[in-house]
Amino acid sequence: MFTADLVDLLVERHRVVVSVEAQCLELVGELVRRGGHEDLGYRSLVSLLCDRLGISAGVARGMIRLATALEEMPATRVALQLGVLDLPRVRLLVSAREANPILFAEHESGLVDTIEGLAMDQVGRVLGYWCQQADLDACERDAESLREQRRLFVSTVGGMVHLDGRLDPVSGQVVITALAALTDAANLDGDDHRSPAQRRADALTDLCRGHLDHGDLPTQRTERPHVVVHLSLEALEGRAGHPCELDDTGVIAPSQARLLACDARVTRVITGSGSQVLDVGRTTRVVPAAMRLALMVRDRGCVIPGCGAPRRWCDAHHIVHWADGGPTSWANLVLLCARHHTLVHEGKVRLPQRE
Ligand SMILES: [Zn+2]
Ligand SMILES: [Zn+2]
């Protein structure tokens, strides 16, 4: 089968799904009208639908809400039956109607004609402006309620950090803009095989690192916030060893601990035998501020060709790791972005030869 035929078949089948969904809503509407659940001894129509269709109460309520609204929306109903509008667009119309049902009744057929064939985001825009005109106060209240619903959860589960949240449109746009700037495909080199989702994850990490490294975050108990890696001499040498961990996320691989310990912007607590602390923090093997500045001037940014990552987000990488006797000197340091720093430590990317 040709791909085009495959897609044609999909479009046709999808049309059937939409038309069947429209028929289901008609039937639910009829059940609402005649109080059908009582005839069959159910407490409510929701429990009837849950029981007989095997759907959740939320989905059942959504169907009833749509079916009930459609009773008062003749033009929308016809468009749905003809397959001119699909359910997502009808849901937006139903929400718009809730802003001002009387005005909606006047404008309904015009709105249906306008949004027919428009992409979803454009439909949202058209109906958003209509709602503003229909009831500005309600729009202001809705905006406030969206803002109240903002959330962010950060939890450590099974060695991964899970982020889960929702942002109001204004905050969300700020985040989208910042992430888009850091994930712009035009700035990627040809060897970048990260997925878009991986690039977004890296971009968020880069943004946070930038703030940690620049010390512009508020202090906690009079200390500047900083990432602390706890590692043993064995871990520092790349072998299995205890401890080898971070404060909140727990045990990490020795290679990761070595990578973190390479640059001085992460505080290290190195433990020898008998839990004796051998080295804390930035007192030794620190890249001094003046040397870092000189590196920034010399390397301008990540030294991997084609990378172009800005220097303020680069690590000072020890070409020979200080744990292996490499000096913290001008000749033994290069700037690498976080991604290339990781790849170099993993041996997947080689440093360019110096002249
Ligand atoms: Zn390094
Ligand atoms: Zn780089």
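This passage describes the overall form of a predicted protein model and then one of its helices, helix 7. In this predicted model, local features require pLDDT of at least 70 and side-chain atom pairs count only at pLDDT 80 or more, while totals for chains, interfaces and linings use all residues. Residues are numbered from 1 along each chain as its sequence is written, and chains are lettered from A and ligands numbered from 1 in the order in which they are written.

The protein has 15 helices and 9 strands (DSSP runs numbered from the N terminus, H or I of at least four residues for helices and E of at least two for strands). Its radius of gyration, 30 Å, is well over the 20 Å that the globule rule gives for 355 residues, so the protein is more spread out than a compact globule; the radius is taken over C-alpha atoms, and the rule is 2.2 Å times the number of residues to the power 0.38. The C-alpha trace spans about 85 × 55 × 45 Å along its principal axes.

Helix 7 comprises residues 101-115 and spans only 18 Å between its end C-alpha atoms, whereas a straight helix of 15 residues would span 21 Å at 1.5 Å a residue (the expected span is 1.5 Å times one less than the number of residues). At H107, helix 7 bends by about 60 degrees, the bend being the angle between axes fitted to the seven residues ending there and the seven starting there. After helix 7 comes G117, with a positive phi near 85 degrees.
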